Amino acid sequence: MTSSRPYLIRALYEWIVDNGFTPYMLVDTSLDVVEVPRAFVENGRIILNISPEATHSLVLGNEAVTFNARFSGTAMDVHVPVVSVLAIYARENGQGMMFGDQDDTPPDPGSGTKIDSDKGPKAPPETKRPNLKIVK
């Protein structure tokens, strides 16, 4: 099954814009294929304004988010793989969604991961009950 992340990014982007807010995207810049202005990266992350007014040719694709924008007056093509998107939210109120650092697809049943269905959850280890003695 494909990742739900690109679909959620598109839905949240549309929801934020439809409500008249400014969509911001938090990006993990640790992958080499992330193309962002490195001068604005802090602690391996960057926040990008992806509003229609701030971007040109925005594409919220299944594999990557791409657009052209100006940074300090210089036009730049931005390329962010979907797996590097950590969050999308509205600047004005912070409403949106954060994503985990790892891919959100469950393991493929045919990938060699075997679940033993005969064994249910293990019972907690038996503990001894307290024993009180009267001492005179």
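**Confidence in the model**

What is the mean pLDDT of the protein chain, and what share of its residues reach 70 or more? The mean pLDDT is 84, and 76% of the residues reach 70 or more; pLDDT is the predictor's confidence in each residue, from 0 to 100. This is a predicted model, in which local features need pLDDT of at least 70, side-chain atom pairs count only at pLDDT 80 or more, and totals for chains, interfaces and linings use all residues. Residues are numbered from 1 along each chain as its sequence is written, and side-chain values use heavy atoms, with hydrogens and water left out.

Over residues 104–120, pLDDT stays under 50. For this stretch the model has seven contacts beyond four places in sequence, a contact being heavy atoms within 4.5 Å. Where pLDDT is low, the predicted coordinates should not be read in detail.

**Ser3, ahead of the helix**

Let's visit Ser3, found in the segment before α1 (5–18). Helices here are DSSP runs of H or I with at least four residues, strands are runs of E with at least two, and both are numbered from the N terminus.

Ser3 counts as buried, because its relative accessibility is 17% and buried means under 20% relative accessible area (1.4 Å probe, protein chains only), with exposed over 50% and partly exposed in between. Its side chain reaches the backbone nitrogen of Arg5 at 3.1 Å.

Ser57 sits in strand β3 (residues 56–60). Its phi is near 60 degrees, a positive value in a residue other than glycine.

Ser72 belongs to the loop between β4 (64–71) and β5 (74–81). Phi of Ser72 is positive too, near 55 degrees, and Ser72 is exposed, with a relative accessible area of 68%.

Key:
A polar contact is a pair of N or O atoms within 3.5 Å; within protein, one must be able to donate a hydrogen and the other to accept it, and residues adjacent in sequence count only if both atoms are side-chain atoms.
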